[in-house]
Amino acid sequence: MSDSLLVAAVVAREHAFAPYSKFKVGAALEDIDGRVHSGCNVENATYGLTVCAERVAIFKAISEGVRKFRRIAVAADTEVLTPPCGACRQILWEFCGDIEILLVNLQGKTETYRLKELFPKPFDVSYL
Ligand code: THU
């Protein structure tokens, strides 16, 4: 795995709190200054309170005052690479616009998308 952002997502995945689904996900969000903000999924016995890895990474960065982002990597242990869920796509659009999204699995298989490909007609502030 040559790209350190992919490695950061795989490492973040190790911190996942996923005792219910056993489905561990890691995310690594690169900001405009090259800093990396990591996240993992955090589940809860009240299942609906679960927060995905991507949103944890974004909210950590936002809460640190970071506002400009370049790329996000998402790591999961699946043969067909795991993309961000719908809720995360909406949050990504709000804070990152048409960001580059790298998907990776533990074998090092990768795919790259722009958010617009995965989320072609987003709702945002322009409608308000
Ligand atoms: N999950 C993520 O963290 N990110 C994704 O992109 C897909 C799903 C988490 C939520 C939940 O903890 C588990 O994976 C199963 O849905």
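This passage walks through the predicted model shown above, from the whole chain down to single residues.

The model is predicted, with local features requiring pLDDT of at least 70 and side-chain atom pairs counted only at pLDDT 80 or more, while totals for chains, interfaces and linings use all residues. Residues are numbered from 1 along each chain as its sequence is written, and side-chain values use heavy atoms, with hydrogens and water left out.

The chain contains 4 helices and 5 strands, where helices (H or I, at least four residues) and strands (E, at least two) are DSSP runs numbered from the N terminus. The C-alpha atoms occupy a box of roughly 40 × 40 × 30 Å along the principal axes. The radius of gyration of the chain is 14 Å, which agrees with the value near 14 Å for a compact globule of 128 residues; this radius is taken over C-alpha atoms, and the globule rule is 2.2 Å times the number of residues to the power 0.38.

Of the 128 residues, 45% are buried. Here buried means under 20% relative accessible area, exposed means over 50%, and partly exposed lies in between (1.4 Å probe, protein chains only). The accessible surface of the chain is about 6,900 Å², with 56% of it belonging to carbon and sulfur atoms; these areas come from the Shrake-Rupley method with a 1.4 Å probe, and for residues only the protein chains shown count as cover. Among contacts (heavy atoms within 4.5 Å) with a separation of 6 or more, 58% join residues 24 or more positions apart.

Spanning residues 53-63, helix 2 is mostly covered, with 8 of its 11 residues buried. These are A53, E54, R55, V56, A57, I58, A61 and I62. Their cover includes strand 1 (25-31), strand 2 (36-40), strand 3 (69-76) and helix 3 (86-96). After helix 2 comes G65, which has a positive phi near 90°.

Helix 3 also holds F95. This residue is partly exposed, at 29% relative accessible area. Leaving aside residues up to four places away in sequence, F95 touches I58, F59, I62, R67 and F69. The C-alpha atoms of F95 and K68 are 7.8 Å apart, although 27 residues separate the two along the chain.

The cysteines come next. A disulfide is a covalent bond between the sulfur atoms of two cysteines. With the cut-off set at a pair of cysteine sulfur atoms within 2.5 Å, the structure holds 0 disulfides. For C88, the closest cysteine sulfur is that of C85, at 3.8 Å, so the pair is too far apart for a bond. C88 itself is buried, with a relative accessible area of 0%. For C96, the closest cysteine sulfur belongs to C88 and lies 11 Å away, again too far for a bond. C96 is likewise buried, at 12% relative accessible area.

Most residues other than glycine have a negative phi. K22 is not a glycine, yet its phi is positive, at about 60°. K22 sits in the loop between helix 1 (4-13) and strand 1, where it is exposed, with a relative accessible area of 64%.
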